[in-house]
Amino acid sequence: MKKLAMILSVLFILSIATVAFAGDEKNLNRAKNINSIEIDGSKITSTVSSLVEIAEYESQLTTSVFVLSGKASEGVEISIYTKKDKKETFSQQGLVDKFQVGKSGYFAKKINVDEGTTYILVVAKKGKDTQISLLKVLYEKKESFFTKVEKAISNFISSLGK
């Protein structure tokens with residue numbers, strides 16, 4: 001019984017250490033400006049690359065909510081589209097939101113993503129200027145810490161019974 005308690009204690013301490021150090025590495029990415037794209041058969045061409053500045057973002061998500069944020073001048077119209085498959089085209093069906101940037105110049109928009117890879121297209125327009133940016137995020141559902149510990153204990157106990 002003492003041996004079992006000691007093994008469970010070691011497992012618990014190791015799992016805490018794993019959780020404590022797992023969040024230390026952040027993989028921040030920048031949106032990629034692209035020259036042109038087709039949305040529902042209409043080609044959109046980028047004319048500038050400085051209309052909107054999208055904040056660096058974490059590409060490996062731990063939650064199904066992604067927050068797109070950035071800065072642009074007042075009156076810039078931003079359209080946000082999403083798609084799941086790299087081969088499919090962006091369409092009006094994938095339009096998440098369309099809004100104008102206010103006086104502060106800052107914006108943030110919550111985007112719900114499904115498990116797997118999601119491609120996010122940001123089209124910014126002001127007058128005749130257009131900027132097109134592409135982001136790629138990956139969301140994988142992860143088990144909670146307590147669920148992992150519970151499974152480890154359960155597997156250990158079942159292996160003792162064999």
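Q: How many aromatic pairs does the count come to?

A: The count comes to 2 aromatic pairs in this predicted model, where rings of Phe, Tyr and Trp (its six-membered ring) pair if their centres lie within 6.5 Å, and planes under 30 degrees apart count as stacked, over 60 as edge-to-face and the rest as tilted.

Q: Why is the pair of Tyr57 and Phe66 called edge-to-face?

A: The ring centres of Tyr57 and Phe66 are 5.7 Å apart and their planes stand at 85 degrees, so the pair is edge-to-face.

Q: What makes Tyr57 and Phe66 count as buried?

A: Buried means under 20% relative accessible area, exposed over 50%, and partly exposed in between, with a 1.4 Å probe and protein chains only. Tyr57 has 7% relative accessibility and therefore counts as buried, and Phe66, with a relative accessible area of 3%, is buried too.

Q: Why is the pair of Phe99 and Phe107 called tilted?

A: The planes of Phe99 and Phe107 are at 50 degrees and their ring centres 5.9 Å apart, so this pair is tilted. Phe99 counts as buried because its relative accessibility is 16%, and Phe107 is buried because its relative accessible area is 7%.

Q: What lies over the face of Phe99?

A: A charge sits over a ring if NZ of Lys or CZ of Arg is within 6 Å of the ring centre and within 35 degrees of the ring normal. Lys109 lies over the face of Phe99, at 5.4 Å from the ring centre, while Lys83 lies over the face of Tyr119, at 5.8 Å from the ring centre.

Q: Why does Asp40 count as partly exposed, and where is its place?

A: Asp40 has 46% relative accessibility and therefore counts as partly exposed. Its place is in the loop between strand 3 (36-39) and strand 4 (42-45), and Asp40 has a positive phi of about 50 degrees although it is not a glycine.

Q: How many helices and strands does the protein chain have?

A: The protein chain has 2 helices and 13 strands, where helices (H or I, at least four residues) and strands (E, at least two) are DSSP runs, numbered from the N terminus. Of its 162 residues, 28% count as buried.

Q: Which rules apply to the numbering and to this predicted model?

A: Residues are numbered from 1 along each chain as its sequence is written, and side-chain values use heavy atoms, with hydrogens and water left out. In this predicted model local features need pLDDT of at least 70 and side-chain atom pairs count only at pLDDT 80 or more, whereas totals for chains, interfaces and linings use all residues.
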